[in-house]
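Me: I'm opening a structure I have never looked at before. Can you walk me through it?

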Amino acid sequence: MKNSHLVVLALIALAFFLRAKRRRTGATKLPSKKVEKLPQPKPAPGWTAYREQLAQKESSGKYDARRAGSRYWGRYQLGPNARKVGGAAGVKWAKYKTDHALQDAAVKKWSARLLSEIKANPTLSAAIGKTLHGQKVTAALLVAMDHLTGRAALMKWARTGKTTKDGNGIENLSYAQPFAKFDLSDLERATT
């Protein structure tokens, strides 16, 4: 009986020894598979790209764009209130049309104000990230709609899904849809 116990113990020890040896040498390892890296989504374009698209939509990128008698001036077609909020109140057209830095700063301040007010509005802030009236809602989409037709028209769309046209007959939702892809968090951080 002692011999059989010794044989069993010897077999257990041998099995343990062989198992430990395989672990050290990797004999029991499965061949490693190549891990495919999934392509990472590209980050959404930010404020600068948004601003450039806005300029193209509003004036084909021209700083001196203005229809005769129009209250909407320059590259971003800012009206009197937007120019005031943007720091260009009282600036005459002759200076405004040549001051690129002034126009760029004004649209940034104006857009930041719109973004801030949208985020402070319970109805609009709750819509961000959701689908509303068949449209994926982003902050950039709402800012673009607000820029084109104003807050009342934006609220009308948010509540009812009905769109509004600007003075040129452009519908605010169709205008704003290309802007939905932009991430304005860098604009928000720059102004808080």
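This is a predicted model: local features need pLDDT of at least 70, side-chain atom pairs count only at pLDDT 80 or more; totals for chains, interfaces and linings use all residues.

Me: In what order do the elements run from the N terminus?

Reply: The order is α-α-α-α-α-α-β-β-α-α-α-α.

Me: What share of the residues counts as buried?

Reply: The protein has 192 residues, and 37% of them count as buried. Its accessible surface is about 12300 Å². Carbon and sulfur atoms hold 57% of that surface.

Me: And the contacts? What part comes from residues 24 or more positions apart?

Reply: Take the contacts with a separation of 6 or more. Of these, 56% join residues 24 or more positions apart.

Me: Let's pick a helix. How many residues of α7 are buried?

Reply: 10 of its 11 residues are buried, so α7 is largely enclosed by the rest of the structure. The buried residues include A139, L142, V143, D146 and H147.

Me: What do the buried residues of α7 pack against?

Reply: They pack against α2, α5, α6, β2, α8 and α9.

Me: Tell me about α5 and α7. At what angle do their axes cross?

Reply: Helix α5 covers residues 100–120, and helix α7 covers residues 139–149. Their axes cross at roughly 115 degrees and come within 9 Å. Angles of 65 to 115 degrees count as roughly perpendicular, so α5 is roughly perpendicular to α7.

Me: Is that crossing left-handed or right-handed?

Reply: The crossing of α5 and α7 is right-handed.

Me: Which residues meet there?

Reply: From α5 come W110, S111, L114, L115, I118 and K119. From α7 come A139, L142, V143, D146 and H147. The residues of this contact divide into 7 nonpolar, 2 polar and 2 charged.

Me: What does D146 touch, leaving aside its neighbours within four places in sequence?

Reply: D146 is in contact with L114, I118, R151 and L154.

Me: How far apart are D146 and S111?

Reply: They are 35 residues apart in sequence. In space, the distance is 9.2 Å from C-alpha to C-alpha.

Me: Moving on. What follows α7?

Reply: G150 follows α7, with a positive phi near 95 degrees. Helix α8 covers residues 151–160. Just after α8, G161 takes a positive phi of about 85 degrees.

Me: Which residues of α8 are buried?

Reply: The buried ones are A153, L154, M155, W157 and A158. They pack against α5, α6, β1, β2, α7 and α9.

Me: Back to phi. Which residue other than glycine has a positive phi near 55 degrees?

Reply: H133 has one. H133 is in the loop between β1 and β2. Its relative accessible area is 39%, so H133 is partly exposed. S60 also has a positive phi, of about 55 degrees, although it is not a glycine.

Me: Where is S60?

Reply: S60 lies in the loop between α2 and α3. Its relative accessibility is 49%, so S60 counts as partly exposed.

Key:
Residues are numbered from 1 along each chain as its sequence is written. Side-chain values use heavy atoms; hydrogens and water are left out. Axes are lines fitted to C-alpha atoms, for helices over the stretch in contact, and angles run from 0 to 180 degrees between N-to-C directions. Helices (H or I, at least four residues) and strands (E, at least two) are DSSP runs, numbered from the N terminus. Angles under 35 degrees count as roughly parallel, over 145 as roughly antiparallel, 65 to 115 as roughly perpendicular and the rest as oblique. A crossing is left-handed if the near helix is turned anticlockwise from the far one by less than a right angle, and right-handed if clockwise. Contact means heavy atoms within 4.5 Å. Ala, Val, Leu, Ile, Met, Phe, Trp, Tyr, Cys and Pro count as nonpolar, Asp, Glu, Lys and Arg as charged, and the others, Gly among them, as polar. Buried means under 20% relative accessible area, exposed over 50%, partly exposed in between (1.4 Å probe, protein chains only). Accessible areas come from the Shrake-Rupley method with a 1.4 Å probe; for residues, only the protein chains shown count as cover.
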